[in-house]
Amino acid sequence: MTPNGHAPEPPALVVRELGAGYPWAPRTIDQLNFTMESGDCVALVGPNGAGKSTLLQAIAGLIPIDTGEVLVHGIDCHDKDVQVGHIPQRNAIDWNFPVTAHDVVVMGHARGNRWLPWWPKEDRQRALELLELFQLADFAERAFGELSAGQQQRILIARALAQEADILLLDEPFNGVDVAAAAEITSALELLREQGITMLMATHDMARAARDFDRMLLMRGTLVADGPPDEVLRPDFLHQAYGDSAGVLPVKDGVLHVASIREPVGLNDD
Amino acid sequence: MIEILDSLLEPLSYGFAQRSLLALMLVGSLSAVVGSFMVARGLAFFGDALSHAVLPGVAVAYTAGGNLFVGGLGAGILTALIIVFMTRDRKVKEDTAIGIAFVTMFALGIAIISTRPSYSGDLTHILFGSISGIDDADLTFMVVLGSLVLLLILVFYKQLLIVCFDPELGHVLRFPVSFLRALLLVLVAVTIVLSLQAVGVALMLALLLTPAATARLLTKRMSHMILLAGLLGCAGGVIGFYLSWWTNVPPGSAIVLELSAVFGLVYAYRTLRQRRRRTGLGVPSMPGR
């Protein structure tokens with residue numbers, strides 16, 4: 001659908017009747033619908049194999065779409081003008097590759113001047129400013145692989161900002177990081193929120209998602225629930241997504257505490 | 001002093017020695033530059049496979065009297081395509097596919113060469129190179145094509161860097177990722193075939209990997225690694241040439257031994273430095289002493 005002349009800004013993201021999956025495997029997601037406005041920060045939750053990573057990769061244009069469509073600011077997500085910041089899971093990155101923190105951030109600028117063998121001065125300067133924004137300027141010349149998990153994630157977030165992405169997709173940034181790193185990533189996400197960045201984050205950490213995000217999408221192949229955390233994390237929805245492994249959700253002092261959500265084993269897409 | 005200078009200049013009074021030296025410098029630096037991407041990307045095994053897989057193409061060209069370069073390049077590209085085809089639906093793992101494809105191609109090459117009466121001599125030339133046979137036309141061809149490879153790397157540097165480091169970023173930046181991957185493999189295949197006459201199939205891998213691996217130990221940035229590897233490879237060509245001249249060892253073998261010795265020294269230096277740093281951190285100074 002194209003926006004008509006009377007419509008204001010098209011939504012930042014429209015996912016309509018989406019069906020997608022890896023070309024070599026059965027389709028993972030089907031009939032998926034949701035919309036995000038500019039500046040929305042949404043947590044994407046669901047069990048392993050629910051299709052969270054698949055959805056993020058489909059929006060980023062990394063895998064083909066079988067049915068339906070994904071529009072970013074009203075434009076098809078595969079269009080060359082659409083810029084999507086995608087921060088993959090930790091195991092998707094080669095940590096031994098010879099790059100510094102500054103190199104990684106400046107890569108976000110590569111689109112505009114891809115044929116120059118060197119990085120223009122203004123791109124290098126902008127990358128340095130982004131590192132400063134995330135309090136990483138002191139690590140600019142350090143090897144990327146030698147930094148802590150929290151620093152690495154923040155560098156990848158800074159790279160997405162360098163890309164001037166229309167929407168930022170984060171695939172389980174808290175996976176495999178310790179408490180200190182998690183705190184660093186949380187403050188980086190807070191910074192993104194303050195800057196009005198549209199953000200969709202897949203996570204297994206429902207307690208964190210409920211605490212830090214105003215809106216949650218619960219999915220299992222398709223959308224199970226969409227709304228504020230206290231509306232989404234209801235026993236019936238959780239049962240629908242997680243089956244019998246859904247646990248108890250006590251509400252204490254008006255704050256939602258998610259406890260003992262065991263995840264089903266045997267599904268391994270995410 | 002003059003004696004040393006004499007012994008350095010003496011080989012250069014022969015035309016074939018000048019050509020050999022230039023060819024080794026070119027092949028050494030070119031292989032190291034291209035090999036830097038392979039080392040950074042963890043494609044060492046692929047380099048080994050490709051360097052052996054060119055054999056049937058070279059063998060067919062050799063037997064039929066055709067162009068060795070075209071034959072070798074054709075076989076290299078065919079092997080790369082077979083590997084891509086075998087791994088497309090992930091039923092066969094990449095390293096398994098590489099292993100099967102390259103040994104098959106190598107066996108095919110040996111089978112083709114074995115049909116010739118001068119089997120063993122021909123095979124030795126292809127396996128270990130015959131640098132003294134390089135003429136002016138060969139050298140010109142190597143310089144032109146080698147320059148083209150370097151030019152392509154320069155033009156595509158950023159895109160190759162990103163696709164090697166994080167292919168997904170390449171996709172979201174709308175780079176032609178599949179084309180760039182194929183381009184890198186073709187550049188490796190061209191480099192291998194260009195280096196064939198100088199060092200042969202068997203030792204080719206060392207030229208691709210060793211200078212790049214040495215440079216990797218000394219730097220944390222891809223651009224620096226490429227420059228340093230290129231210099232190490234070029235120096236390896238020069239030193240290997242003189243070692244070969246003075247000791248009568250084949251140049252390919254002399255270069256590889258020299259490159260490996262440098263790698264060993266740098267590795268030892270890095271290990272010692274790391275150990276010293278660790279000890280420094282691990283044993284705090286005693287107060288009051």
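This is a predicted model: local features need pLDDT of at least 70, side-chain atom pairs count only at pLDDT 80 or more; totals for chains, interfaces and linings use all residues.
In chain A, 6 strands form an open sheet. Their order is β6-β7-β8-β3-β9-β10, and the pairing is mixed. The edges are held by β6 (84–87) and β10 (222–227) of chain A. Each has a single partner strand, so one side of each is left without a neighbour in the sheet. On average, neighbouring strands are turned by 15° against each other, direction ignored.

Within this sheet, strand β3 (residues 41–45) of chain A runs parallel to strand β9 (residues 215–220) of chain A. The two are joined by 4 bridges. Opposite Leu44(A) stands Leu217(A) in β9(A).

Helices also pack on the sheet. Helix α1 (residues 52–59) of chain A touches β3, β6, β7 (167–171), β8 (199–202) and β9 of chain A. The direction of α1 makes about 150° with that of β7(A). Helix α5 (residues 179–194) of chain A touches β3, β7 and β8 of chain A. The direction of α5 makes about 155° with that of β8(A).

In chain B, the axes of helix α11 (residues 177–199) and helix α12 (residues 204–218) come within 9 Å. They cross at roughly 120°. That angle makes α11(B) oblique to α12(B). The crossing of α11(B) and α12(B) is right-handed. From α11(B), Val188(B), Thr191(B), Ile192(B), Ser195(B) and Val199(B) meet Met204(B), Leu207(B) and Leu208(B) in α12(B). By class, this contact has 6 nonpolar, 2 polar and no charged residues.

Terms used
Residues are numbered from 1 along each chain as its sequence is written. Chains are lettered from A and ligands numbered from 1 in the order in which they are written. Side-chain values use heavy atoms; hydrogens and water are left out. Axes are lines fitted to C-alpha atoms, for helices over the stretch in contact, and angles run from 0 to 180 degrees between N-to-C directions. Angles under 35 degrees count as roughly parallel, over 145 as roughly antiparallel, 65 to 115 as roughly perpendicular and the rest as oblique. A crossing is left-handed if the near helix is turned anticlockwise from the far one by less than a right angle, and right-handed if clockwise. Contact means heavy atoms within 4.5 Å. Ala, Val, Leu, Ile, Met, Phe, Trp, Tyr, Cys and Pro count as nonpolar, Asp, Glu, Lys and Arg as charged, and the others, Gly among them, as polar. Two strands pair if DSSP finds at least two bridges between them.
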